[in-house]
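Q: Hi! Could you walk me through this model?

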Amino acid sequence: MFLFYRYSLLTACVLFFSTSYAQTDIDEKVDQYTQLIDLDAMTLDIDNIIQAQLDEKTIMIDNSEKLTSLKASIKTSLSSKRAKYYFKEYLKNHLGLDTLTDVINFYNSTEVQEMLTFEKKIYTTNQQIEKAKFEKQFDIRTIDDDKLELCVMLYQDLKIGNTMISLMKKSMYGVHIGLNSSEIIELKTSEEEVNDQINMIFDDNFNHLLKNDLLKDLLFTYRNVNNYTLRKHTELWSSDLGSYTIKLSTNALDYAFDMMNKDIQNHKNL
């Protein structure tokens, strides 16, 4: 019996420590992956979107102490910080080490890093000035047909528009849930009302304008990239692994917003 106890204890210790090491490896891989995809930049606009929604929804309401407290609570639950927390949680819960290693290797590849370098350059002050000039003088007739086709393909492969619209819709719905949790009658709306508002805002015309704006961004970003290199880039993102990484980020963001909205309903703040 004593020998069996010692064997059981040894087995339990081995399992405990192996699980602990595996969890540490997962945590490190997740941190590495989220740095590579620049999760900070991906979630950067969430705080501004939530603030804009709250301002719009409460503009006609007296800014009482109760309303100030409610808005602060909503901004804590629906925030870039909370989104990043749940984004990482999704990766830890749904991906194994092998899959994480595959997507990390994909982002670390020379080809992907080369293109990400072009994307990061546009965030400098000088490039933003150049971008404003480019958009002001923009004329679709002057764009090379092949370049335009490749940027359209890239827009579709990266699902940029779908991701942005999904993020805005989920932000609006989260604010709706938060305001409905209040005792302030003027803030309450039905789910049908908020869905009608979302459908009215994100109609075909909005989708068309958004696509045009995002295509301009792509055309500016890759204006000095030769078409051969750009085509190789589109092929990367349309590959099985490229498509998987895009879907992975989309699913993780969806999960993050679902969890944040549940937190609001449960009045839970981290």
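This is a predicted model: local features need pLDDT of at least 70, side-chain atom pairs count only at pLDDT 80 or more; totals for chains, interfaces and linings use all residues.

Q: Where is Asp263 found?
A: Asp263 is part of helix H14, which covers residues 240–265.

Q: And what does the side chain of Asp263 make a polar contact with?
A: With the side chain of Tyr86, at 2.7 Å.

Q: Let's zoom out. How many helices and strands does the protein chain have?
A: There are 14 helices and zero strands.

Q: How much of the protein chain counts as buried?
A: The figure is 36% of the 270 residues.

Q: What about contacts between residues at least 6 apart in sequence: what share join residues at least 24 apart?
A: That share is 88% in this protein chain.

Q: Now the largest nonpolar core. Which residues touch the most other members?
A: Tyr33, Leu78, Leu91, Tyr107, Leu230 and Trp237 do, out of 67 residues in that core. The largest share of the core comes from H14, with ten residues.

Q: Pick out Tyr107 for me. Which residues does Tyr107 touch, not counting those up to four places away in sequence?
A: Tyr107 touches Tyr33, Leu36, Ile37, Val112, Gln113, Leu116, Trp237 and Thr245.

Q: Switching to helix packing: at what angle do H9 and H12 pack?
A: Helix H9 (residues 145–158) and helix H12 (residues 204–221) pack at about 115°, and their axes are 10 Å apart.

Q: Is the crossing of H9 and H12 left-handed or right-handed?
A: The crossing is right-handed.

Q: Which residues meet there, in H9 and in H12?
A: From H9 you have Lys147, Leu148, Cys151, Val152, Leu154 and Tyr155, and they meet Lys211, Leu214, Leu215, Leu218 and Leu219 of H12. That contact is made up of nine nonpolar residues and two charged ones, with no polar residues.

Q: Tell me about Tyr155: buried or exposed?
A: Tyr155, which lies in helix H9, is buried, because its relative accessible area of 13% falls under 20%.

Q: Which residues does Tyr155 touch, leaving out those up to four places away in sequence?
A: Tyr155 touches Ile160, Gly161, Lys211, Leu214, Leu215 and Leu218. The C-alpha atoms of Tyr155 and Leu215 are separated by 7.0 Å, and these two residues are 60 residues apart along the chain.

Q: One last topic, backbone angles. What is phi for Lys159?
A: Lys159 has a positive phi of about 55°, and it is not a glycine. Lys159 sits in the loop between H9 and helix H10 (160–180), and it counts as partly exposed at 41% relative accessibility.

Q: And what is phi for Asp38?
A: Phi of Asp38 is near 60°, again a positive value in a residue other than glycine. Asp38 is in the loop between helix H1 (2–36) and helix H2 (39–42).

Q: How accessible is Asp38?
A: Asp38 is partly exposed, with a relative accessible area of 34%.

Definitions and conventions:
Residues are numbered from 1 along each chain as its sequence is written. Side-chain values use heavy atoms; hydrogens and water are left out. Axes are lines fitted to C-alpha atoms, for helices over the stretch in contact, and angles run from 0 to 180 degrees between N-to-C directions. Helices (H or I, at least four residues) and strands (E, at least two) are DSSP runs, numbered from the N terminus. A crossing is left-handed if the near helix is turned anticlockwise from the far one by less than a right angle, and right-handed if clockwise. Contact means heavy atoms within 4.5 Å. Ala, Val, Leu, Ile, Met, Phe, Trp, Tyr, Cys and Pro count as nonpolar, Asp, Glu, Lys and Arg as charged, and the others, Gly among them, as polar. A polar contact is a pair of N or O atoms within 3.5 Å; within protein, one must be able to donate a hydrogen and the other to accept it, and residues adjacent in sequence count only if both atoms are side-chain atoms. A nonpolar core is a set of buried Ala, Val, Leu, Ile, Met, Phe, Trp, Tyr and Cys residues joined through side-chain atoms within 4.5 Å. Buried means under 20% relative accessible area, exposed over 50%, partly exposed in between (1.4 Å probe, protein chains only).
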